[in-house]
Amino acid sequence: MDLASVNEELAEIDGQIGDIFRALQNGFQKLDKIKDANRRSRQLEELTDKMRDCKRLIKDFERVVKDETGHVDPNTARMLNDRKQSQIKELNSYVALKKQHASENKRVDLFDGPSVEDGFGEENVLLASNMTNQQLMQHGDNLMDETDQALARSKQTVQETINVGTETAAALKAQTEQMSRVVNELDSIHFSMKKASKLVREIGRQVATDRCIMALLFLIVAGVIAVIIVKIVNPHNKDIPEIPGLAPPVSRRLLSIVEGK
């Protein structure tokens, strides 16, 4: 039955799946003729991508079949289901073929070395084919031991890096705390300087006040002394009042005694 008569989308998807299957068949035929391990690996990657695309298309095909199940007769539905199973079976066959080639590549990769183009890759392949299974297992064990040693060294490097990071973090924390203490001390010094400046200004104002008082007292004392001197020099000057507590001049005192007699 023609799928286009059932659903055009199904026919289009089925055509794309058929194109991929033909490409996979040609790709695996070419893969059998490739001897270089690197080229075989690249070819396998390309075929793997095609198989992923094919799997996606088969899922799309299954989705459309489910949508059409209620609109077609049982015979057509059974035919569509058989077609899907056939596609899955063919894809699984290519997946198995890909795994077989991949395992062969891994066996050859155990003897990594220059490529065939350098003249040594083929010798390594021949060497692998001449070795017994026990020798291959021994060689694989040696490679695994080397890998374990490399992993151990990597773990040690990581641990050393973690230790250095921990020490660096502790040093940064200590420096941060020290800087915090320095900032606090600077704040205390700044506050003390402001308080000292205020105290100096207060002392300056107090000294200025004391000087004014001392100047005023000096003027008063100088005035009193000047009056006393003028009284002594010119005792008959009536313009100068008597200073309380100051004794009269001697001449006036004698005159008062004579008048009393």
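The structure is a predicted model, in which local features need pLDDT of at least 70 and side-chain atom pairs count only at pLDDT 80 or more, while totals for chains, interfaces and linings use all residues. Residues are numbered from 1 along each chain as its sequence is written, and side-chain values use heavy atoms, with hydrogens and water left out.

The chain contains 7 helices and 0 strands; helices (H or I, at least four residues) and strands (E, at least two) are DSSP runs, numbered from the N terminus. Along the sequence the pattern therefore reads α-α-α-α-α-α-α. Of the 261 residues, 18% count as buried, where buried means under 20% relative accessible area, exposed over 50%, and partly exposed in between (1.4 Å probe, protein chains only). Among contacts (heavy atoms within 4.5 Å) with a separation of 6 or more, 64% are between residues 24 or more positions apart.

In soluble globular proteins, nonpolar side chains tend to be buried together. Here the largest nonpolar core has 22 residues, and those with the most contacts inside it include Leu 10, Phe 21, Cys 54 and Phe 61. Such a core is a set of buried Ala, Val, Leu, Ile, Met, Phe, Trp, Tyr and Cys residues joined through side-chain atoms within 4.5 Å. At least two of its residues come from each of α1 (3-6), α2 (8-33), α3 (37-68) and α4, and α3 gives the most, with 9 residues. Leaving aside neighbours within four places in sequence, Phe 21 touches Cys 54, Gln 87, Glu 90, Leu 91 and Tyr 94.

The axes of α2 and α3 come within 9 Å and cross at roughly 160°; axes are lines fitted to C-alpha atoms, for helices over the stretch in contact, and angles run from 0 to 180 degrees between N-to-C directions. This makes α2 roughly antiparallel to α3, a term for angles over 145 degrees. The residues of their contact divide into 18 nonpolar, 3 polar and 7 charged; Ala, Val, Leu, Ile, Met, Phe, Trp, Tyr, Cys and Pro count as nonpolar, Asp, Glu, Lys and Arg as charged, and the others, Gly among them, as polar.

Ala 23 is placed in helix α2 and is partly exposed, with a relative accessible area of 27%. Its contacts, apart from neighbours within four places in sequence, are Leu 47 and Lys 50. The C-alpha atoms of Ala 23 and Leu 47 lie 8.4 Å apart, although the two are 24 residues apart in sequence.

Gln 85 belongs to helix α4 (residues 74-109). Gln 85 is partly exposed, at a relative accessible area of 41%. Its C-alpha atom is separated by 9.7 Å from that of Glu 62, 23 residues away along the chain.

Methods. Parallel < 35°, antiparallel > 145°, perpendicular 65-115°, else oblique.
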